[in-house]
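Here is a friendly walk through one model. Have the sequence and the coordinates open as you read.

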Amino acid sequence: MHSIDVERVRPAGGKRSSKRDFIVDAFLRQEGHLSADDLVELIRKEDRGISRATVYRTLQWMMDAGIARKVDFGEGRFRFEHSYRHPRHFHLICKTCNQSFEFLSSDIEALIEEVAAARKFAGKQSVVQIYGTCEACQTGQPAAQDGTTELIFARDALRIAIATERSGLEFYTRAARITQDLRGRTIFQKLAEEEKEHLGTLEARYAQLLTMDPQLESRPAFLFFKGAANGLFAEGAERLTKGVNDQHALLIGIKCERGSHRFFKKYGERFEDSEGKQIFMEFAEEEKQHLELLIREYRSLMLRRGRRPPGKTVKARRRAHV
Ligand SMILES: [Zn+2]
Ligand SMILES: [Zn+2]
């Protein structure tokens, strides 16, 4: 699963070492969060000739190379996890079985940014950890296996993109229905068609992902993006029912597309290089194209009606030059 090219991530000046490669390989074959001692034990099982000091040095080297990341669960010792192609995340830590589980939430991140900004604090790193008892330890039932975070991350990224696509499709279908202007209606129909096509592509990708892990669908969620989970167009679609005119329909569409583009771009850029990141970045680009199309349409509608767009919209247009 972790076919990492050690040569490629080797820091400048780092030389080849078969012991080190052996340790790196053993580390990457493990999922989860290992302490240095866990790793020493693991290595010694396979090769008694490797010293503790070598393992420690290699851990440091892996951190420098961006392969490993240090995490502190408040146990008085550090643990290490993969960072290569492994998205940043928060942790749930079970005090009974000492297992930890990963998640990421845009809502938590947004709140942290808000607090830091309000306090004029230049935040560099934030750690969120939830301590307690995991479901398996509470119920005595075996836990749903966590699986590979990378795959679950891609699954959740796709789910969010699909939800957005669905809400977009709903939005444009509705918009086409209520639009009086023929040209405007055609545009909304075209966008609805596009959303349908994208939806098909995303669903095929999702199905393909499921073939890589038969239990993938049932694995616990990793990404918690509250607002985005229902689709970023859901609110806009809601507003369309209240008898809006063509101009307003376009404006609502612009607002939704801009919000969606920003959302996917912002998080896509933050993620580590991964399939999930790619899904977000590609989606951000599609949304940008829709946004630009809607802005052009809005302008053209205003021109045809011989009106200048109101001031607010001029600003919105400027901001839209993303
Ligand atoms: Zn537990
Ligand atoms: Zn972790």
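## Aromatic rings

Across the whole structure, a search turns up 17 aromatic pairs; rings of Phe, Tyr and Trp (its six-membered ring) pair if their centres lie within 6.5 Å, with planes under 30 degrees apart called stacked, over 60 edge-to-face and the rest tilted. Phe 263 and Phe 264 make an edge-to-face pair, 5.1 Å centre to centre with 90 degrees between the planes. Phe 263 is buried at 12% relative accessible area, and Phe 264 is buried too, at 0%. Buried means under 20% relative accessible area (1.4 Å probe, protein chains only).

Both belong to one aromatic cluster that also includes Phe 153, Phe 222 and Tyr 267.

## How the model is read

This is a predicted model, where local features need pLDDT of at least 70, side-chain atom pairs count only at pLDDT 80 or more, and totals for chains, interfaces and linings use all residues. Residues are numbered from 1 along each chain as its sequence is written, chains are lettered from A and ligands numbered from 1 in the order written, and side-chain values use heavy atoms, leaving out hydrogens and water.

## The zinc site

Which protein residues are donors of the zinc ion (ligand 2)? They are His 33 (NE2), Glu 81 (OE), His 89 (NE2), His 91 (NE2) and Glu 102 (OE), at 1.8 to 2.1 Å from the ion. Donors are N, O and S atoms within 2.8 Å of the metal (3.2 Å for Na, K and Ca); water is not among the atoms, so sites may look incomplete.

His 33 is buried at 9% relative accessibility, and Glu 81 is buried at 2%.

How values were computed. Buried means under 20% relative accessible area, exposed over 50%, partly exposed in between (1.4 Å probe, protein chains only).
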